[in-house]
Structures are given as structure tokens and as C-alpha cells.
Amino acid sequence: MFAFSSQCFCTLTPNITATHLRYVWKIPTNSNIYLNKLHFQPISVAVSNADPEIKNLETPDAEEPRFRWVKINSDSLTEEQKHAISQLPPKMTNRCKALLKQIICLSDEKGSLSRLLPAWVKSVKPRRADWLAILKELSRLEHPLYFEVAECVLLEESFEANVRDYTKIIHGYAKQNRLLDAENILLAMKRRGFLCDQVTLTALVHMYSKARNFKLAEETFEEMKLLGQPLDRRSYGSMIMAYVRAEMFDKGENLLKEMEAQDIYAKREVYKALLRAYSMTGDSEGAQRIFDTIQLAGITPDVKVCALLINVYAAAGRSCEACIVFENLRKAGLEPNDKCVALVLTAFEKENKLSKALDFLIDLERGGITLGKEASEVLAGWFRNLGVVEEVELVLREYASRN
């Protein structure tokens with residue numbers, strides 16, 4: 001027994017159940033006066049006299065409004081929303097479809113992601129596969145809330161986020177040139193104890209390269225080397241593209257040689273980018289080297305690749321080399337496009353070899369190749385400059401009849 005005074009006391013009364021013996025505090029109902037003396041207030045009085053803000057927190061009305069999970073009414077949807085919902089995979093689980101429909105139709109009046117996602121998690125207890133299916137579909141739909149959902153999902157315990165999940169978001173931001181958002185995700189990843197691997201660093205090199213921030217691209221590439229793992233062709237390719245954008249073609253070519261020494265070969269677009277760079281700057285020797293390297297890598301040049309080599313010879317007025325590339329293109333079984341024909345004519349024009357150009361045109365006619373718009377414009381412009389448009393028409397007829 002514990003006595004507060006001679007007139008107020010509490011007792012411990014045994015309360016026996018089938019398996020437990022408990023002691024329950026019993027306070028006399030008329031004990032308020034004694035509690036006041038000990039500076040206690042009855043609960044009802046304490047709440048009524050409390051600060052209004054505190055009182056609001058104690059009442060259900062002050063709780064954060066819960067997300068209202070309502071059935072989607074098709075009559076209230078926009079055509080865009082109806083189309084997006086109709087594109088959802090038929091084999092997708094109902095739980096995932098339900099969330100996607102809510103996201104597609106989400107508005108300020110209906111709620112926010114910060115309340116929608118926890119409500120869904122509490123309701124269906126999702127697994128990682130569910131989250132992946134939802135993110136894949138939002139990405140396919142190019143939904144504006146994709147990145148916001150993805151960032152929220154990273155924090156969900158049921159998602160079991162790993163480095164690759166962060167890398168995918170970084171890469172997505174990089175494709176949209178949202179460097180700050182990508183770097184924020186990188187920082188969040190590091191804060192949560194994940195280390196950058198080769199794939200993540202490759203995505204960063206690609207991002208900095210596209211943003212023409214060569215210094216950061218090179219620093220990231222050097223950091224990748226320090227990992228001590230063999231670099232793959234994606235890692236090399238991303239840095240070569242950075243060198244191309246920085247107009248450091250020789251360094252890009254050196255990396256190609258470094259790759260070849262390890263029997264690693266870049267993708268077609270990397271070779272093509274370096275070839276185009278040499279072609280556009282008029283470096284015929286560099287262009288020829290890359291063209292030869294493409295073939296050594298086991299890649300068959302297509303018409304566009306051949307056109308880049310023809311272009312550099314045409315710009316230099318080297319019609320003989322331009323014709324050799326053109327003939328090799330045809331021998332390889334490729335159909336020359338109008339761009340290739342126009343470039344060869346441009347090479348003839350620069351050297352003022354009209355007779356050679358006419359022979360070239362007759363040969364094309366024999367092969368069933370007709371002049372397109374671009375080639376015709378080159379030819380017409382050349383003849384106009386010579387002032388012999390009508391005379392050339394007569395010569396062409398004579399050539400045609402003679403051959």
C-alpha cells in the first residue's frame with residue numbers, strides 16, 4: 001500500500017485470470033482534490049486548457065489526410081489518360097494496374113505520391129518484382145512522374161534497392177541532360193552506403209561527355225581505371241566519344257588502339273563518330289585510318305560510312321580516291337545513295353574534270369542508277385557556272401546513243 005495522505009491512497013488489487021496473476025492500480029473516484037494538491041490535473045481538464053495547436057494534434061481531425069483510394073471513373077478521364085490506361089499490359093497483375101491507374105490519373109485534388117505510395121504499400125505488401133514492373137511501364141509510357149516515383153521507390157524497404165537501380169535513374173537523368181538531378185542521385189547513393197561500380201561510372205562519363213564537360217568526363221574515366229577491373233567496350237566507347245566532342249581525335253584513336261591490343265572492339269557508332277570527325281575537318285589520312293580500322297574490327301562498312309570517306313576526298317578535290325571508294329562500295333554489293341553520287345560529282349567539279357564526270361554519269365545509267373535531287377542540283381550548278389547547260393544536254397544524248 002502507498003499512501004499519498006491520510007485520506008487518499010491507491011491500492012494494488014490482485015486480478016487473477018486463467019493463466020496470469022496481475023496487480024491493478026485502483027484510484028478512488030473522489031481523488032481529484034488530492035491529485036490537485038500533488039500538482040496533477042485530471043485528463044479532461046488538461047486537454048481543455050491546453051494550447052489550441054496541441055489540442056489539434058490530439059484530435060483525429062488534425063491527422064494528415066489519408067489518400068482516398070477511389071475507383072477510376074472513365075467519364076472523367078482525358079483522352080490521354082484513357083490511352084495510357086489502355087496501353088497497360090494485359091498480363092500485368094491487378095495490384096500493379098491499380099497503382100498505375102492512380103498514378104496516371106493523379107492530380108492535386110486527388111492527392112500526392114507521398115500519400116499514394118505508402119497507402120498502396122500498406123494495402124498490398126508489394127515485392128521487388130511489383131516495383132520493377134511499375135517502373136518499367138512508367139518508363140515505357142514516358143510518364144512525367146516516372147523519376148519522382150523512381151526516387152520514392154528507392155527508399156522503400158520492399159524494393160531492396162541496389163547500385164544498378166541508382167545507375168538506371170542516373171542514366172535516365174543524363175539522357176535528358178539533367179546533370180544536377182543525376183548528381184543528387186549519385187550523392188544519395190553514396191550516403192546510403194553504395195559504392196560506384198564500372199557501370200555507374202560509365203554512365204557518368206557518358207553524361208559529362210554529352211554535356212561537353214570534358215574535365216569531369218576524364219576524371220571519372222581515371223577513377224574507373226582505379227577500380228582495378230578490366231574496362232569493357234562501353235566504358236572505352238564513352239570516353240572516346242568524350243574525346244571526339246572535345247575535338248581531341250588523336251586521343252580517341254589512341255584509345256581504339258588500346259582496346260584492339262586487348263581484343264576489345266568499339267561499337268559501330270563510336271567508329272562512325274570518329275570517322276565523321278575526321279571527314280568534317282578534312283583530314284583524309286585520319287579518315288582513311290579509321291575506315292581501315294573499322295574493317296579490321298570485323299565491321300562491314302555501310303553506305304553512310306562510305307559516304308563519309310568519299311566526302312573527305314571530295315572536299316579535298318581528290319576525285320580518283322573518291323571514285324575508288326565509290327567503286328568498292330558497289331563491288332561490295334551496296335547500292336550507292338544520292339549523297340554518294342553527289343559527292344563524287346563535287347570531286348570532279350573541284351578538279352574541273354567534266355569529261356570524267358560525263359563518263360561517270362553514263363556508267364551510272366548503265367547500272368540502272370538515276371540521279372536524285374542532290375546530285376542533280378550539283379550537276380546543274382556546275383553546268384550553270386560553265387554556261388553550257390544546253391550544250392551538255394546535247395553531249396549527254398551523243399554519249400547515250402554512242403554507248
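This is a predicted model: local features need pLDDT of at least 70, side-chain atom pairs count only at pLDDT 80 or more; totals for chains, interfaces and linings use all residues.

Reply: Happy to! Of the 403 residues in the protein chain, 37% are buried. The accessible surface comes to about 24700 Å², and carbon and sulfur atoms account for 52% of that surface. If you take the contacts between residues at least 6 apart in sequence, 58% of them join residues at least 24 apart.

Now for the pair of helices. Helix H15 covers residues 268-280 and helix H17 covers residues 303-315; their axes come within 8 Å and cross at roughly 20°. Angles under 35 degrees count as roughly parallel, so H15 is roughly parallel to H17. The crossing of these two helices is left-handed.

Which residues of H15 and H17 make the contact? From H15 come Arg268, Lys272, Leu275, Arg276, Tyr278, Ser279 and Met280, while H17 brings Lys304, Val305, Leu308, Asn311 and Val312. Sorted by class, the contact between H15 and H17 has six nonpolar, two polar and four charged residues.

Val341 sits in helix H19, which spans residues 338-350. Val341 counts as buried because its relative accessibility is 2%, and the cut-off for buried is under 20%. Setting aside neighbours within four places in sequence, Val341 is in contact with Phe326, Phe360, Leu364, Leu371 and Ala375. Val378 lies 37 residues from Val341 in sequence, and their C-alpha atoms are 9.6 Å apart in space.

Methods. Residues are numbered from 1 along each chain as its sequence is written. Side-chain values use heavy atoms; hydrogens and water are left out. Axes are lines fitted to C-alpha atoms, for helices over the stretch in contact, and angles run from 0 to 180 degrees between N-to-C directions. Helices (H or I, at least four residues) and strands (E, at least two) are DSSP runs, numbered from the N terminus. Angles under 35 degrees count as roughly parallel, over 145 as roughly antiparallel, 65 to 115 as roughly perpendicular and the rest as oblique. A crossing is left-handed if the near helix is turned anticlockwise from the far one by less than a right angle, and right-handed if clockwise. Contact means heavy atoms within 4.5 Å. Ala, Val, Leu, Ile, Met, Phe, Trp, Tyr, Cys and Pro count as nonpolar, Asp, Glu, Lys and Arg as charged, and the others, Gly among them, as polar. Buried means under 20% relative accessible area, exposed over 50%, partly exposed in between (1.4 Å probe, protein chains only). Accessible areas come from the Shrake-Rupley method with a 1.4 Å probe; for residues, only the protein chains shown count as cover.
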